[in-house]
Amino acid sequence: MTETVLEVTDLDVDYNTGEDATHAVRHVSFTLEQGEFVGLVGESGSGKSTLGFAIAGLSKPPAVVTRGRILFDGRDIASMSREELREQRHGGVAMVLQSGMNALNPVRSIRNHFRDIFEAHGHVDKRHWDARAAEIVGKVELPPQVLDRYPGELSGGMRQRVSIALALSLEPQLMVFDEPTTALDVLVQHAVMNTIIELQKRENFTALLISHDLGIVLESAQRVLVMHEGEIVEDATARQILKKPKDDYTKMLLSHYADPRGEVVELPGFEDRAARAKTGAKRADAAAHPPTVSPRERRTDQKAIVVEDLVKVYPPPRRGEREVRAVDGVSFTLEPGASLALVGASGSGKSTIAKLITAVEKPTSGSVKFGDLDVGKLRRGQFRSLHRDVQMVFQDPYSALNPLHTVEYTLTRPVANFTKLRGQDARRRVLELLDIVGLSPVEEFAAKLPHQLSGGQRQRVVIARALASDPQVIIADEPVSMLDVSLRAGVLALLEDLREQWGVSMLYITHDLLSARLVTDNIMVLNHGKVVERGDTAEVLRHPKDEYTVKLLDAIPNPRKVA
Amino acid sequence: MTTMTATQQPAIAKAPGPWSVFVRVSSTIWSNGKARIGLIILGLFVVFAIFAPLIAPYGASQNGFDRSADPTAAHWLGTTAAGEDVLSQLIWGSQVSIFVGLVAGVLSTIIAVLVGLSWGYARGFGGDVVNFIVNLFLVIPGLPLMIVIAAYLSGGGIAMIITVVVITGWAWGARVLRSQTQSLRSRDFVTAAVFSGERPFRIVFREILPNMTSLIVGNFFGAATSAILAEAGLEYLGLGDSSVVSWGTMLFWAQNSNALLTGQWSLLFAPGLCIALLATSLTLINFGVDGISNPRLREGKQR
Amino acid sequence: MTSVTAAPRGAEGKAKSVEDDLPLQTDSSGRARQTTLFVLRKLGLFVLTLWAAVTVNFILPRLMPGTPADAALAKLAQNGPVSDATKAAIEAQLGVPTGNIFEQYVSYLHQVITLDFGVSYTFYPQTVAELVSTALPYTLVLVGAVTIIAFILGTLLGVLAAWKRGTWLDALPTLAGSFASAFPYFWTALLLLFFAGYVWRLFPTSGAYGPTATPNLSFAFLGDALYHAFLPALTILITSLGGWILGMRNTMISTLGDDYVTFAEANGLKPRVVALRYAARNAILPNLTSFGLALGGVVGGSILVERVFGYPGVGYLLFNAVTNQDYPLMQALFLMITLSVLVANFLVDILYGVLDPRTRR
C-alpha cells in the first residue's frame, strides 16, 4: 500500500492578474505517492518550473495561484501563511534550483550554510551540527573538507551537489529538482544525475524531477508527467510513455530521441545517414522531406581549411595557477563540401578552435590556412577577405543578435560589406535570405526586432546572416543546443541542405553526439585540447576506441535503455 | 549625444538614429512617475533661464533700490545689501547653473564615453596604465582639487569652473562605461558584427554604444548635478567671478553682507532652494533612467 | 502500482572523479599565503597611488600660468626679510621659471617625506606643518566619525527599505534621502546655522570650542567640543545619508532577486537571517567600494561646511589659504586631504578583502 504525499487539484497559476494576466499553469491535477520518483517534462514556456515553484510554496509575484489546491500532508500549501510555510520546510517540501551554481551565498562557507538551516529549524542538536553536516555531504559523495570552502572555490558540479545536500538536510518528504543538471557539463551532468537517483533509492524520499530533457526523465523516473502549454497532457509510467505514448505531443517529443550508437539513426526529417551514403541520396531526396533550399551549381573555386599543429595557450586565469593549454597540437583538413564534427565536453578546446579558424583569436603556434590565406597572420583590416568565405553560426541566438537592430538591418550589413548590391538590390537580397532560411512572410520578418522572434526564428536569422556573403565554409558552434528539441531538427535540416544542395562545407562543433551523427560524415573527439579519436562519424560512435569517447557516449541519457 | 556621420545607403535598414533614440529614452523617462516630476521641475528652470529677460522684473545687477529690504510688493523677495532685486537675480541666476550643468555634463560625458569605450573595447589599450590613471582621478578628492586649481586661475570665471569640473568629473563615468563595454564586447552579436565585415569604428558606435544609452544618459544627469553643485560651491567660496550673478555668488554676497545676522532669510533661503530643486530634479530624472537598464528597479505595477 | 525500475546507472562506473577537475587543493596555510599576497598587492597599489598624488601636487603649480613662487615670495617679503632656506623651500614646492625640474622634484620629494612645507605667510611665523597638524585632528574626527556613522545608518535604513519594499518604510527614507542628498552642503549648513544658531540660539555659531576654553582632554572641554561640532556634524549626516540609503536599497533589491536568496527561503531560513546574512551581506560589498570613492566628495563637502561654521579644521584653513593666496599652505593642505582619502580607501580595500572571500584568491 502506498500513501499519498502530494495531491494537486485543478491548479491554476497566473502571471499578473486582471487584464494582462497570462495563464502559466492550467487545470493541473495529479498526485505523488510516498517514495515515488516522478518526472515532469516539457519544453520552455510549458509552465513546468512555475508548477514546481508553486508546489514548493515559492510562488512569488507576479506568479499567483488563482485556483485549486496543493494538498501536502493534509494541508493546502497555496493558502499557508509565510511562517507556516517556513516551518513546514523541515520534513516537508524541499527544492533544488536550476542554477545550482548560483544557489549558494558566495560570502558564506558551506559549513555556515548548514548551520543556518539547523538553526532555523532546530531539528539537530547544536553539538551535532558539524558531524551531521559532514554526514550529509558524504551522502552526495563529497569529502567533509568541502565544509570549509566558499562556493567560489568549488566546481559547478560540486556546488550543485552541495545544494542537494542542503535540501537533504531538511529531511524532506518530497524533493523537487528543477532542471538540476541543465547548467552542467555533459559528463558532470551524468555523474550528478546518478547521485540523485541513488540518493532517492537509499533515502526513500519522494522526488519530482523537472526537466526539458525527456531522456533524463525517462531514465530516472518511474512515472512521467508531460506538460504542454500549461497543461498536463499525459500522466503515465515511464514504460507506457516509451512504448505506448497516447498524446500527440508526447509522441512528438519521443520522436526526437535516438541513440547515436544505434545501427540506424533516424529523426523526423532525417533518414539514416549510412543508408543514404550507400545510394548517394541526399537528405531532401526522400519524398517526405522537401528540401529547405533549392539546389544550385556548386562553386568551382572552393578551398579547403588546413589546420596544422595548432596550439593555443592562455595565460593563467589567476595568479599562481598554471597557464591553460586550450588547444594542444591539433591538425586536420576540412575539404570543400565536407562536414566534420568536433565533439568534446566543455573545456575540451572545441570552441577555441572555432575562434582560431575564424581569426577571432590568434594561435600561439601552428597554422590555419584557408586556401593561400594564412589566417593566423591576418590583421584586423584584412578580416573581410576571410569572412567573405568563412562564416559562423553561434550557439546562443539570444546573444547573437543585437537587441536594438531590426532583422533587416542585421542582414543588410553583411550584404553591404561583402557584395556590390546597394539600395533596392540589397533589400531584395535580404528578403531572399529570409526566404532561404524559411522565415516568411519575408517582409514581416524583416521589420521585426529580435525580442519579437522565438529562439528557433532567431537562430534562422543568425544562419541567414552567415549566408549573406555566400560563404564556402560555415562554422556552427553548438547551433541547436539552446533550442527546444522540437525545433532542433528543422535547423539541422537547413544546415544539412546547405551542404548537400550548395556544397557549403561545415565544421560542426557540439557536445551532442546525436546531432553529430545526423549531419556529419567525419568526427574528431577532443579532450583537453588534444584529438583523442577521429574517423567516420557512424563508425566512431558505434565502435568507440578511446576511453574518453566511451565516457561521452555513456553520459547520454537514452530513453530506450529503460525497455 | 554622439553625432555620427550617416554614410549609408538609401532609406532602407536604418539603425535607430539619434532622434529615435532620443524619443525612446525620453518616453521611457517620462513613463516613470518620479522622473516625470523631475522633468517638469527642470523644464520650469529651463524656461526661466531662456526667458529671463521677459520674466524677471528687473535687470540682474540693476541696483539703486532700498538696501537689504524685506519683501514688498515691488520686491517679492526683498533686496540685497547692494540694493538689487533678489527675485530678478534668482531668475537670471538660473542661466549660469543650467549653462554650467549642461556644458560640463555634456563635456565630461563625452570624455567618459570616449575613454570608457576605447578602454573597454580595445584589448591591451595600455589597460593597466589607464586603469591606474582613472582610479587616481577617482580617489583624488574633487572639490579640494577644484579649489586649488581655481585659486591658481583666479578670475577665470565660468569657463574656468567648467574646465575644472570636467577635469575632476569624467573618471567615474569612464569606469562604469568601460565595464559595460567589456561585458557587451563579449556578447556574440559583437563578434557577429566582425563576421559581417563591420569596421571597429562602426562596431563601437552602432552595435555597442546604443546598448549603453541608459548608462550614458544617467551619467550625463549625474555629471550635470555634480557640476551644478560644484559651481555653486566654488562661487560661494568666492573662487569664481563674483561679479557674475549666479545662485552661488548670491550666497557669497549674502554671507559677506551678514545676512545671517540681519535675519534676511530670503537672501539665504531662495538661492539655495533653487540649487537644491534643480539638483533634485536631475536626481529624480535619473530614477527613470535606471529603469531603462535595470528591470528589477522598475516600479512594479501593483503587488 | 507497477513500478518500473530504471536501469541502475551506477553500474556504468564511478564517474565522479571526472567532474572534479577542481580539487580541494588549498589548505589553511595556502589561504594565509593568499591573504598576505592580497594585502601586499593592495599595499603596493596604495604606495604607487600615493606617489602619483604627490607628483600631481608637484606638477599642478608648475602647470599654472604665472609664477606662483614669485607671487608667494613677494607676499612673504611683506612680513620681513626672507631667509634663503625659506626661499629654497618655496621654490621647491611651487617651482621657479628657471632651474632643473628634476632637481626640483628630488628636493620636493625630500620635503614631503620630512613634512617640511616651509612657513605660512598668512599666519607668519607659524610653519605650515604646525598649522596643518593643529587643524587635522578636528577634521579627521568630525568628518571621519560622521561619515562612518552616516554609512552605517544609511546602510541599515537601505536594508530596511529594500526588505519592506513598497511600504512607508521604503517610501519615506527613499524620498527624503534623495531630496536631502541633492541639497548643496553649504546650503544645508547655512540653514542650520541660521535657525539653530541665530534664530533659536540652540548652538554656537562658530568655532570648535568656546572662547574661554583651551584644548585639553578633560570632559568639560570634550563636551564643549562636541557641542560646537554638533551642527557641522548634522549637516554632513543629512547630506550624505541619502546616498547610502539609496545605494544600499538598490543593490539589496538586486541581491534579493539572486538565486541564493530564493534557495535560502526554500530552505526555510528565518526572514531576518535571509535579509541580513544573505541579501544584505552581499549587497554591502559593492556599496563599500562606492563608500571609498565617495569619501572624496564628503571631504570636499566638509570644506564648505567648515567655512560656513568657521570650524577650524583643514577645510577652513584651506579656505583661508586660498583667499590669501598662501600657496605653500594650500599645497600642503591639498596633499594632506588627498593622503587621508587614500589611506581611507586603502582601509576600505582591506575591509572588502576581509568581507569577500573571492577577492583573496
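Leaving aside its neighbours within four places in sequence, which residues is Thr50(A) in contact with? Hold that thought while I do the housekeeping. This is a predicted model, where local features need pLDDT of at least 70, side-chain atom pairs count only at pLDDT 80 or more, and totals for chains, interfaces and linings use all residues. Residues are numbered from 1 along each chain as its sequence is written, while chains are lettered from A and ligands numbered from 1 in the order in which they are written.

Okay, back to Thr50(A). Its contacts beyond those sequence neighbours are Val13(A), Ala24(A), Val25(A) and Ala63(A), a contact being two C-beta atoms, placed from the backbone, within 7 Å. Thr50(A) sits in helix H1 of chain A, residues 48-55. Helices here are DSSP runs of H or I with at least four residues, strands are runs of E with at least two, and both are numbered from the N terminus. Is Thr50(A) buried or exposed? Buried, because it has 20 C-beta neighbours inside 10 Å. The cut-offs, again with C-beta atoms placed from the backbone: 20 or more others within 10 Å is buried, 12 or fewer is exposed, and in between is partly exposed. Lys60(A), 10 residues away from Thr50(A) in sequence, is 9.8 Å away in space, C-alpha to C-alpha.

Now the sheet. Chain A has an open, antiparallel sheet of four strands in the order S2-S1-S4-S5; strands pair if DSSP finds at least two bridges between them. S2 (22-33) and S5 (75-76) of chain A are at the edges with a single partner strand each, so each has one side without a neighbour in the sheet. Further in, S1 (residues 4-15) and S4 (residues 63-72) of chain A run antiparallel and are joined by eight bridges. Asp12(A), for instance, has Arg67(A) in S4(A) as its bridge partner.

Zooming out, chain A has 20 helices and 20 strands. Its radius of gyration, taken over C-alpha atoms, is 26 Å. The C-alpha trace spans about 75 × 55 × 45 Å along the principal axes, and 52% of the residues in chain A are buried.

Last stop, chains B and C. Their contact takes 33 residues from chain B and 44 residues from chain C. On the chain C side, H11(C) gives the largest share, eight residues.

How values were computed. Rg over C-alpha atoms; globule rule 2.2 N^0.38 Å.
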